[in-house]
Amino acid sequence: TSATNNGVAIGYGATATKFDGIAVGYLAGDATLGHEVVIGKQAGAGSGSGTGGYRSIAIGQGAYSGSSVTGNDNITIGTGSGNNLTSGSYNTFIGTKSGSFQGSTRVTTGNYNILIGHNAGYDSNGNLIPISETGLLSFGDANIERLWIPGLGLDTKTSYSKDGYSL
């Protein structure tokens, strides 16, 4: 490392020369630019032409691997999660392919989204939420048909009503 780069890179082609962070895995960290942690084959990889992209975490093969990454403070955990995110910030994608490319739709510029589960953010037609969606909370894909929170007595398999509110 040098005085301007305190990064750690482990793995063939792993790169930490652009940021003070950690890159572990084959070609990990190529598109990341500042104070990030990227772990997994091609995690945080891409064209590397972004001008920002700070303080994010990517864990999993191809996670956060979009080109021209400029978004900040994102968390992507799972194979391919958030792999087309470009300028979106403050997103949390947890699960294989959560918030990632399928067909012509993908999350690229949205902010403050939380997508949890395999293919989280996809509807029953296989379409992902709009590319600029902001403030979305999504659990899983169209295969999720029941929400159960025992401590609250919530079970969407049956009707639910509490304090005058119904689901």
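This tour moves through the structure from its sheet to selected loops and side chains.

The model is predicted, so local features are given only at pLDDT of at least 70 and side-chain atom pairs only at pLDDT 80 or more, whereas totals for chains, interfaces and linings use all residues. Residues are numbered from 1 along each chain as its sequence is written, and side-chain values use heavy atoms, with hydrogens and water left out.

**The sheet**

Begin by colouring the strands, which, like helices, are DSSP runs numbered from the N terminus (strands are E with at least two residues, helices H or I with at least four). You will find an open sheet of 8 strands in the order β1-β2-β3-β4-β5-β6-β7-β8, with parallel pairing, where two strands pair if DSSP finds at least two bridges between them. Select β1 and β8 (137-139) to see the edge strands, each of which pairs on one side only. On average, and with direction ignored, neighbouring strands of this sheet are turned by 5° against each other; the axes behind this angle are lines fitted to C-alpha atoms, for helices over the stretch in contact, and angles run from 0 to 180 degrees between N-to-C directions.

Next, show the aromatic side chains. Rings of Phe, Tyr and Trp (its six-membered ring) pair if their centres lie within 6.5 Å, and planes under 30 degrees apart count as stacked, over 60 as edge-to-face and the rest as tilted. By this rule there are 2 aromatic pairs. Select Y12 and Y26, whose ring centres are 5.7 Å apart and whose planes are at 15°, so the pair is stacked. Y12 belongs to the loop between β1 (8-10) and β2 (22-24) and Y26 to the loop between β2 and β3 (37-39), so the pair ties together parts that are 14 residues apart in sequence. Y12 is exposed at 64% relative accessible area, while Y26, at 38%, is partly exposed (buried is under 20%, exposed over 50% and partly exposed in between, with a 1.4 Å probe and protein chains only).

**The second aromatic pair**

Move on to Y90 and Y112, also a stacked pair, with 5.0 Å centre to centre and 15° between the planes. This pair links distant parts of the chain, with Y90 in the loop between β5 (75-77) and β6 (92-94) and Y112 in the loop between β6 and β7 (114-116), 22 residues apart. Y90 is partly exposed at 41% relative accessibility, and Y112 is exposed at 52%.

**L27 and two loop residues**

Return to the loop between β2 and β3 and select L27, a partly exposed residue with a relative accessible area of 27%. Leaving aside residues up to four places away in sequence, L27 touches Y12, G13, A14, Q42, A43 and A45, contact meaning heavy atoms within 4.5 Å.

From there, step to Q42, in the loop between β3 and β4 (57-59). Most residues other than glycine have a negative phi. Q42 is not a glycine, yet has a positive phi of about 60°, and R55, in the loop between β3 and β4, likewise has a positive phi of about 55° without being a glycine.

**A charge over a ring**

Finish at R146, which lies over the face of W148 at 5.9 Å from the ring centre; a charge sits over a ring if NZ of Lys or CZ of Arg is within 6 Å of the ring centre and within 35 degrees of the ring normal.
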